[in-house]
Amino acid sequence: TDADDDAIRRLYWKSWANVLSSVYQDCYGVIYREPELMGFTLLEAMACGTPAIASRVAAMPEFIQEGHTGYVYDTPEQLTEQLRLLSKNPGLVERIGRNAREAVERDFDLKVAGARFLAVYEELIASAEEMAA
């Protein structure tokens, strides 16, 4: 069944972790040069106050402050340890989730991201105008 935005938000709110387990090579041997360009599911979960866990693939580690907003793992054993830690510590889940939400609001809110994009566009336009003059 398809879930609408409200249902997805409720699922994130109920979760004690969101795992994005991207890989460069899947179990069939298929290689992905760019498996994840941006982990929107990480940011969505973090915005809902859910700790994020991601494999050390592409840009995923850049979105997570290790131990503060979530965890990054290199091996299945590390992922298992991180999940066990969170499953046994509801207070830690709450603290990391709160930190994650604050990080998304501070760094990725539409107003913040929009202002960054606008600055890039203004710089490009100014540069193009200089070249045309």
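## Basis of the model

The structure is a predicted model, in which local features need pLDDT of at least 70 and side-chain atom pairs count only at pLDDT 80 or more, whereas totals for chains, interfaces and linings use all residues. Residues are numbered from 1 along each chain as its sequence is written, and side-chain values use heavy atoms, with hydrogens and water left out.

## Fold and overall dimensions

The chain contains 5 helices and 3 strands, arranged along the sequence in the pattern α-β-α-β-β-α-α-α. The radius of gyration is 18 Å, well over the 14 Å that the globule rule gives for 133 residues, so the chain is more spread out than a compact globule. That radius is taken over C-alpha atoms, and the globule rule is 2.2 Å times the number of residues to the power 0.38. Helices (H or I, at least four residues) and strands (E, at least two) are DSSP runs, numbered from the N terminus.

Along its principal axes, the C-alpha trace spans about 65 × 35 × 35 Å. Among contacts with a separation of 6 or more, 53% are between residues 24 or more positions apart; contact means heavy atoms within 4.5 Å.

## Surface and burial

The chain exposes about 9200 Å², of which carbon and sulfur atoms supply 56%. Accessible areas come from the Shrake-Rupley method with a 1.4 Å probe, and for residues only the protein chains shown count as cover. Of the 133 residues, 31% count as buried. Buried means under 20% relative accessible area, exposed over 50%, and partly exposed in between (1.4 Å probe, protein chains only).

## Cysteines

A search of the whole structure finds 0 disulfides, a disulfide being a pair of cysteine sulfur atoms within 2.5 Å. C27 counts as exposed, at 70% relative accessibility. C48, by contrast, is buried, with a relative accessible area of 14%.

## Two buried alanines

A17 lies in the loop between α1 (5-14) and β1 (18-20) and is buried, with a relative accessible area of 18%. Leaving aside neighbours within four places in sequence, A17 is in contact with T50, P51, I53, L83 and L86. The C-alpha atoms of A17 and T50 are separated by 5.7 Å, although the two residues are 33 residues apart along the chain.

A54 is part of strand β2 and is buried, its relative accessible area being 0%. Beyond neighbours within four places in sequence, A54 is in contact with L20, L42, M60, I64, Y71, V72 and Y73. The C-alpha atoms of A54 and V104, 50 residues apart along the chain, are separated by 16 Å.

## Partly exposed positions

A58 occupies the loop between β2 (52-55) and β3 (70-73). Its phi is near 50 degrees, a positive value in a residue other than glycine. A58 counts as partly exposed, at 34% relative accessibility.

N89 lies in the loop between α3 (76-88) and α4 (90-108) and counts as partly exposed, at 30% relative accessibility. N89 and W16 are 73 residues apart in sequence and 9.7 Å apart in space, C-alpha to C-alpha. R95 is found in helix α4 and counts as partly exposed, with 36% relative accessibility. The C-alpha atoms of R95 and H68 are separated by 8.2 Å, the two residues being 27 residues apart along the chain.
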